[in-house]
Protein chains: 2
Amino acid sequence: MATKLKAGRPAKERLLDAAERLFAQRGYHGVSIRDITEAAGADVALVNYHFGGKRALLTRVFERRAEILNRERMERLEAVQPGADGRLDLEAVVNAFMEPLILRSARGGREWKSYFALVAQVNNSPELSVLMTRHFDPVVHKFIDVLKAALPEADLRDIYWGYHFLTGALTLTFAETGRLDKLSGRLCRSTDLESVHARFAPFMAAGFSALARRRAGAAARAKPRSRKAAARVRE
Amino acid sequence: MATKLKAGRPAKERLLDAAERLFAQRGYHGVSIRDITEAAGADVALVNYHFGGKRALLTRVFERRAEILNRERMERLEAVQPGADGRLDLEAVVNAFMEPLILRSARGGREWKSYFALVAQVNNSPELSVLMTRHFDPVVHKFIDVLKAALPEADLRDIYWGYHFLTGALTLTFAETGRLDKLSGRLCRSTDLESVHARFAPFMAAGFSALARRRAGAAARAKPRSRKAAARVRE
DNA sequence: ATATTCATTGAACGTTCGTTGAATAATAGA
DNA sequence: TCTATTATTCAACGAACGTTCAATGAATAT
């Protein structure tokens, strides 16, 4: 009934904020232009005036925070330094990729949370995942490069599949469906990002290591001359 | 234009199949009743006649294969036996949970693939994830129980969060957005379930183990009476 | 002060949405 | 065969959809 928040900020920004929140909660097709304009306290026509259409509004919302995020993640990934043993720490690499998300989500207020939920929606949609490619590929390629450096002996496919598992876990985390809350009888909270922060890197780093080890074992087993070595170890 | 496949099978079944495929591809709100009836070669009114509405059709599609799947997964989880050392093998536990999905998807034809993509859609949607709770909770609780048995020393929250990461990876896998294909320059294929099969359990088992280890270390450090010991070490 | 550009409004467009009811066809039981 | 039930078709409903346009208000520059 009553329009919401006709604050001093320009309607264009209010529309972006409302669209971000609603697209994140209900998905692109689950929200109408009228839902958005009503929530923003703006007229229906303004979406087309300012952005050129519903789809263009989604694109604008999506790219609005992508730059900030990409810069931060890229810096973190470039700053990962080898440890005392001269090797890159896998957990540090994973954290460089994930912490910019977690920290902004935990401390950056509701806006960033909505944005990440939107990214989760987009990432899982075959129709929209082109936006992921367009806006996040450079930082992902950088991530994979650093993973390669941290796991020089690993098969490239293992790294890609590991990244796939990692990003799937990240996606579901930011979707915040509340399912884990019910499942665990409120022992765990989807919104508790500190819990995610503490567990994510150890879990994923161990996963990557296991794939690399598995590969190394398979390679050793396949090589004729190292079969003797394996037998020796077994004795 | 032309209606598709008015085969001998009753329209009710054709509607279920078409709805499964389209909901999986485009999401609930991305598909109209007319899209579905047209693909099934049936009249628009039949959705309401047979199922009572669009939402009820989704529910019916969702639960159609859930029973078969639940029975199979439950049997697999109950059949996991302790190894020679008397402990449950983590990879075997993960495989009991995942293999029924992978194998059906790989060998069960396009129908099961669509179904899993639909489950992925539902799992990531706050609006629809109640369907997950309603139809898949028993088998998930069983899975978590077996995980507990395999990791008796682990904190319960670690197990729940580990399950969360695992199911996120599984969800993105079945969404088959094709993003990994582009990202890897066609080195990896989203549709290549054998590759997933080979890597999933090792990756996740290692993740769970890492969380349990981390916890064991933290618990030792946090015990009150060991504070003195810690102090002693510090001196 | 006037002219010009930008932002916003209100009303309407044609289309598609989910749903419904009456009419017809197909099937099964007596 | 007649009847009763079930399945399907056809046409239409009101509501909501994304979009458009002319009119109005506000801001800026000349």
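Trainee: What makes up the surface near DNA strand C, by class?

Mentor: By class, that surface has 10 nonpolar, 3 polar and 4 charged residues. Nonpolar here means Ala, Val, Leu, Ile, Met, Phe, Trp, Tyr, Cys or Pro, charged means Asp, Glu, Lys or Arg, and the others, Gly among them, count as polar. Keep in mind that this is a predicted model, where local features need pLDDT of at least 70 and side-chain atom pairs count only at pLDDT 80 or more, while totals for chains, interfaces and linings use all residues. Residues are numbered from 1 along each chain as its sequence is written, and chains are lettered from A and ligands numbered from 1 in the order in which they are written.

Trainee: Which residues come nearest to DNA strand C?

Mentor: There are 17 residues around DNA strand C, and Ala11(A), Ala45(A), Ser32(B), Ala45(B) and Gly53(B) come nearest. A residue counts as near a strand if its C-beta atom, placed from the backbone, lies within 6 Å of it.

Trainee: Which helices each supply at least two residues of the surface near DNA strand C?

Mentor: Helix H1 (11-26) and helix H3 (46-50) of chain A do, together with helix H2 (33-40) of chain B. Helices are DSSP runs (H or I, at least four residues; strands are E, at least two), numbered from the N terminus.

Trainee: And which residues come nearest to DNA strand D?

Mentor: Ser32(A), Ala45(A), Ala11(B), Asp43(B) and Ala45(B) come nearest, out of 17 residues around DNA strand D. Here helix H2 (33-40) of chain A, with H1 and helix H3 (46-50) of chain B, each supply at least two residues. The classes of the surface near DNA strand D are 10 nonpolar, 3 polar and 4 charged.

Trainee: Why are H5(A) and H8(A) called roughly parallel?

Mentor: Helix H5 (residues 66-78) and helix H8 (residues 130-150) of chain A pack at an angle of about 10 degrees, with their axes 10 Å apart. Axes are lines fitted to C-alpha atoms, for helices over the stretch in contact, and angles run from 0 to 180 degrees between N-to-C directions. Angles under 35 degrees count as roughly parallel, over 145 as roughly antiparallel, 65 to 115 as roughly perpendicular and the rest as oblique. H5(A) and H8(A) are therefore roughly parallel to each other. Their contact includes Met74(A) of H5(A) and Phe143(A) of H8(A), where contact means C-beta atoms, placed from the backbone, within 7 Å.

Trainee: What makes H1(A) oblique to H2(A)?

Mentor: Their axes come within 8 Å and cross at roughly 125 degrees. That value falls among "the rest" of the angles, so H1(A) is oblique to H2(A). Among the residues that meet are Leu15(A) in H1(A) and Ile36(A) in H2(A). This contact has 8 nonpolar, 1 polar and 2 charged residues.

Trainee: Why is H1(B) also described as oblique to H7(B)?

Mentor: The axes of H1(B) and helix H7 (residues 109-123) of chain B come within 8 Å and cross at roughly 50 degrees, which makes H1(B) oblique to H7(B). In H1(B), Phe23(B) is one of the residues in the contact, and H7(B) brings residues including Leu118(B). By class, the contact has 5 nonpolar, 2 polar and 4 charged residues.

Trainee: How do you know that the two copies are related as by a two-fold rotation axis?

Mentor: Chain B can be laid on chain A with an RMSD of 0.1 Å by a turn of 180 degrees and a shift of 0.0 Å along the axis. The copies are superposed by least squares on the C-alpha atoms of residues with pLDDT of at least 70 in both. The two copies are thus related as by a two-fold rotation axis. The same surface serves both, since 100% of the contact residues of chain B recur in chain A.

Trainee: How many residues does each chain give to the contact?

Mentor: Chain B gives 50 residues and chain A gives 50 residues. On the side of chain B, the largest share, 15 residues, comes from H9(B). That side has 21 nonpolar, 20 polar and 9 charged residues.

Note on methods
Contact = placed C-beta atoms within 7 Å.
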